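Visitor: Could you take me through this model step by step, saying how each term is defined as it comes up?

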Amino acid sequence: KVVVQAPDYAEGWNKRATVLFMMDEHALSSADIDKVLAIEPRHFGALAGQGLIHIAAERWKEALAFMRRAAAINPYLAERETLIPALERKVEGVPL
């Protein structure tokens, strides 16, 4: 309901994207994340979410790019310490 009633409210789209991701509806989740980022390009949670979608699809370079963008905005992002280095190794061809 919130995305219909308040289509310019980024967090409404983000919450729906999270639920869709948890339902394994990654394409729909990604589309909602695109809307979040159109409204608020610095939404680090949405950027990290897009990274997780790319991880699920084994698109490592894209996942790394989104995670790096999220970490650049939020230096305290938990993924900075573990997930980003793991993705860097994966992109370089080193097994995780």
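Guide: Helices (H or I, at least four residues) and strands (E, at least two) are DSSP runs, numbered from the N terminus. The model is predicted, with local features needing pLDDT of at least 70 and side-chain atom pairs counting only at pLDDT 80 or more, while totals for chains, interfaces and linings use all residues. Residues are numbered from 1 along each chain as its sequence is written, and side-chain values use heavy atoms, with hydrogens and water left out.

Visitor: Which loop holds Glu58, and is Glu58 buried or exposed?
Guide: Buried means under 20% relative accessible area, exposed over 50%, and partly exposed in between, with a 1.4 Å probe and protein chains only. Glu58 lies in the loop between α4 (44–56) and α5 (60–73). Its relative accessibility is 56%, so Glu58 counts as exposed.

Visitor: What is the phi of Glu58?
Guide: Most residues other than glycine have a negative phi. Glu58, which follows α4, has a positive value although it is a residue other than glycine, with phi near 60°.

Visitor: Where does Asp24 lie, and what is its phi?
Guide: Asp24 is found in the loop between α2 (10–22) and α3 (26–39). Asp24 is exposed, with a relative accessible area of 61%. Here too a residue other than glycine takes a positive phi, near 60°.

Visitor: Which helices are included in what covers the buried residues of α4?
Guide: Helix α4 has 13 residues and reaches 18 Å from its first C-alpha to its last, close to the expected 18 Å, where the expected span is 1.5 Å times one less than the number of residues. Buried residues in α4 include Ala46, Leu47, Gly49, Ile53 and His54. With contact meaning heavy atoms within 4.5 Å, the cover of these buried residues includes α2, α3 and α5.

Visitor: Which residues is Leu20 in contact with, leaving aside its neighbours within four places in sequence?
Guide: Leu20 lies in helix α2 and is buried, with a relative accessible area of 14%. Beyond the neighbours within four places in sequence, the contacts of Leu20 are Glu25, Leu28, Ser29 and Asp32.

Visitor: Is Asp32 buried or exposed, and which residues is Asp32 in contact with?
Guide: Asp32 has its place in helix α3, and at 3% relative accessibility Asp32 counts as buried. Apart from neighbours within four places in sequence, Asp32 is in contact with Trp13, Arg16, Ala17 and Leu20.

Visitor: What percentage of the 96 residues in the protein do buried residues make up?
Guide: Leu20, at 14%, and Asp32, at 3%, are both buried. Across the 96 residues of the protein, the buried share is 34%.
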